[in-house]
Amino acid sequence: MIIDFHVHTFPDDISAKVLAKLSKLSHTQYFTDGSTQDLIRSMEQSHVSYSVNLPVMTRADQVEKINSALIASLDPLLTKGIITFGGMHPDYENFKKELLRLKENGMRGIKIHPAYQNTPLDDIRFLRIIDYASDLGLIVLTHAGIDIGIYDRNYASTQQILNVLEQVHPQKFVLAHMGNWACWEAAERDLCGAPVWFDTAFSIGPVTPDIAGSKLPYLTCNLSDADFVRMVRKHGSDKILFATDSPWEDQNDYIARMEKMPLTEEEKQQIFSLNALELLQLSL
């Protein structure tokens, strides 16, 4: 079984516009059209049993509307193997009521994105959200490290993550992009062994540029196989979640990259599905 713990889809009427904008910002290629149907096609082609769809709210006034649409789609999407998380924005005032609504309607977790939400991860607004989400038993998945489309600042550095862990002690805290994208030395030094999960999204193998031959910054920043395996074993293979960041990686190709890693079959099974099954409390 394969569970992809980190994918994105967008409403059909805006997916092309959103992907074009993000591709231009990041100088990277996308591999689905951003729609739910194309994700389902990709999952079938790649033999992915479940994908965890992660929304990103860039404004506080989007929170209720987007979450309501996600709640309405929760059960129909699950029949197609798509597990939908809710979202939260640090400027949203009624966060406790909204998080409770998500929990009561069957959401397993939320996604936050400090860079796109222009707020440091250890800001009190995020601390309150993470703390209450943890009280409710929700998974909190955050972007961690540099964002390839926003080079000027790390809104979720290893020190900020350590501050969150010290002040809040979240129980189900997932750091996207192997703990801190493009800041691998700090991630290995500061976070390996910490009470968090790493997802593998957009972290291994080559980044595919939107223009062939592009030599723009960060296109060569992903982990080498040797560095990835070392980090997995230092952190613990029981705390690594397979994830692609589709549409920014091709699910089929990313699975092949993971299969080629010099890991044991037991380690690969943990990463591909067993850890996610336990964290999501998913019964088969």
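Figure 1. A pocket is an open set of points on a 1 Å grid over the protein atoms alone, where a 1.4 Å probe fits and protein lies on both sides within 12 Å along at least five of seven lines. The lining consists of 42 residues, and Phe 10, Val 18, Leu 22, Val 56 and Thr 58 lie nearest the centre; a lining residue has an atom within 4 Å of a point. Helix 1 (15–26) and helix 3 (63–78) are the elements that give two or more residues to this lining. By class, 19 lining residues are nonpolar, 14 are polar and nine are charged. The model is predicted: local features need pLDDT of at least 70 and side-chain atom pairs count only at pLDDT 80 or more, while totals for chains, interfaces and linings use all residues. Residues are numbered from 1 along each chain as its sequence is written, and side-chain values use heavy atoms, with hydrogens and water left out.

**Figure 2. Strand 2 (residues 50–53) is covered on both faces**. Tyr 50 and Val 52 lie on one side and Ser 51 and Asn 53 on the other, and all are buried, meaning under 20% relative accessible area with a 1.4 Å probe and protein chains only. Strands are DSSP runs of E with at least two residues, and helices are runs of H or I with at least four, numbered from the N terminus. Strand 2 pairs in the parallel sense with strand 1 (residues 3–7) over three bridges, and also with strand 3 (residues 82–84) over three bridges; two strands pair if DSSP finds at least two bridges between them. Ser 51 stands opposite Asp 4 and opposite Ile 82 in strand 3.

**Figure 3. Strand 6 (residues 139–142) has buried residues pointing both ways**. In a regular strand the side chains alternate between the two faces of the sheet. Here Ile 139 and Leu 141 point one way, and Val 140 and Thr 142 the other. Strand 5 (residues 109–112) runs parallel to strand 6, with four bridges; Lys 111 is the bridge partner of Leu 141, and Ile 112 that of Thr 142. Between strand 5 and strand 6 the chain passes through helix 5 (residues 124–135) in a right-handed β-α-β crossover. Right-handed means that, with the strands pointing away from the viewer, the path from the first strand over the helix to the second runs clockwise. Strand 7 (residues 173–175) is joined to strand 6 by three bridges, also in parallel, and Val 174 is the bridge partner of Leu 141. Strand 6, helix 6 (residues 158–168) and strand 7 form a right-handed β-α-β unit.

**Figure 4. Six strands form an open sheet in the order 4-5-6-7-8-9, with parallel pairing**. Strand 4 (86–87) and strand 9 (240–241) are at the edges with a single partner strand each, so one side of each has no neighbour in the sheet.

**Figure 5. Helix 7 (residues 184–191) contains buried residues**. These are Trp 184, Ala 186, Ala 187, Glu 188 and Leu 191. Their cover includes helix 6, strand 7, strand 8 (197–199) and helix 8 (225–235). After helix 7 comes Gly 193, with a positive phi near 95 degrees.

Methods: Nonpolar A, V, L, I, M, F, W, Y, C, P; charged D, E, K, R; others polar. Buried < 20%, exposed > 50% of the residue type's maximum accessible area, 1.4 Å probe, protein only. Contact = heavy atoms within 4.5 Å.
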